[in-house]
Amino acid sequence: MDELESQVKMLSINNKEVKWMKHYSSCHKILLIGEGDFSFAACLGKAFGSAVNMVATSLYSKVITMRKYSKSATNLTELEDLGCTIIHEVDVHNMRKHPLLKQKLFDRIVFNFPATALKWSESNDRQIEKHQRLVKGFLRSCHDMLEENGEVHVTHKIKEPYCKWEIEKLAEDVGLYLVEKVWFRRSEYPGYGNKRGSGARADETFPAGNSYTFKFSRAT
């Protein structure tokens, strides 16, 4: 039993009431990928009253994260106080080899609105392929990081041109299969701000309507 699993077990013993925030439970071992300002992680942690069951990661260093996102310092402090494990500079393509992740398995692995920096327009085929490589790399890494009944959650827009990413096919290509897809409503996650992430407007949110959370698992 690793440290995260031990902490979650102790949390379950000490708190008989399991707390939920939509698809996520205080008893789930949760890995959050690509956190911008860490507001999604903070939302879950505050809902659970603890974040010892969570690992929240960012592509960027702590210094760059705090420079890019105005609320990141507050969210990071709250998460640290709640017992969250925070890891910076995590690349989705090789995250399963990260020294703090390589021996851990998770019940839920979450990547909200994955995207690469824009080089072309969103409708450009080369840009779409660039996004697809990111998502497929993430899903491939997840395959061997799931508990037996674990799920990978990807929240993604479904209208043109985003539907051209073919999220479900990317998952099937790496041995993950759709469990269900549900409407995503940002208002159901108090305090969450989905950030643009790159460019001069990195700290701004973008419209998150017409989005699904796709839930994938390994084949049974």
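Colleague: How many nonpolar, polar and charged residues are in the lining of the largest pocket?
Modeller: In the lining of the largest pocket, 20 residues are nonpolar, 14 polar and 8 charged. Nonpolar here is Ala, Val, Leu, Ile, Met, Phe, Trp, Tyr, Cys and Pro, charged is Asp, Glu, Lys and Arg, and the others, Gly among them, are polar.

Colleague: And what sort of model is this?
Modeller: A predicted one, where local features need pLDDT of at least 70 and side-chain atom pairs pLDDT 80 or more, while totals for chains, interfaces and linings use all residues. Numbering starts from 1 along each chain as its sequence is written, and side-chain values use heavy atoms, leaving out hydrogens and water.

Colleague: OK, which residues lie nearest the centre of the largest pocket?
Modeller: F113, A115, K195, R196 and G197, out of 42 lining residues. The pocket holds about 980 Å³ of space, taken as what probe spheres set on the joined grid points fill. A pocket is an open set of points on a 1 Å grid where a 1.4 Å probe fits, with protein on both sides within 12 Å along at least five of seven lines, and lining residues have an atom within 4 Å of a point.

Colleague: Which strands does β3 pair with?
Modeller: One is β4 (residues 54–57), parallel to β3 and joined by 3 bridges, with A56 as the partner of L32. From β3 the chain crosses through helix α2 (residues 39–48) to β4 in a right-handed β-α-β crossover. Right-handed means that, with the strands pointing away from the viewer, the path from the first strand over the helix to the second runs clockwise. β6 (residues 106–112) also pairs with β3, again parallel, over 4 bridges; pairing takes at least two DSSP bridges. There, L31 stands opposite I109.

Colleague: New topic. Where is F206?
Modeller: In the loop between β8 (176–183) and β9 (211–218). F206 counts as buried because its relative accessibility is 12%. N194 is 12 residues from F206 in sequence and 6.7 Å away in space, C-alpha to C-alpha.

Colleague: Why does P207 count as exposed?
Modeller: Because its relative accessible area is 58%. P207 is in the loop between β8 and β9 as well.

Colleague: Last one: what UniProt annotation covers residues 31–196?
Modeller: An unreviewed UniProt entry gives "domain: 25S rRNA (uridine-N(3))-methyltransferase BMT5-like" there, though such annotations may be inferred rather than shown by experiment. Over residues 31–196 the chain is 32% helix and 22% strand, with the end C-alpha atoms 21 Å apart.

Definitions and conventions: Helices (H or I, at least four residues) and strands (E, at least two) are DSSP runs, numbered from the N terminus. Buried means under 20% relative accessible area, exposed over 50%, partly exposed in between (1.4 Å probe, protein chains only).
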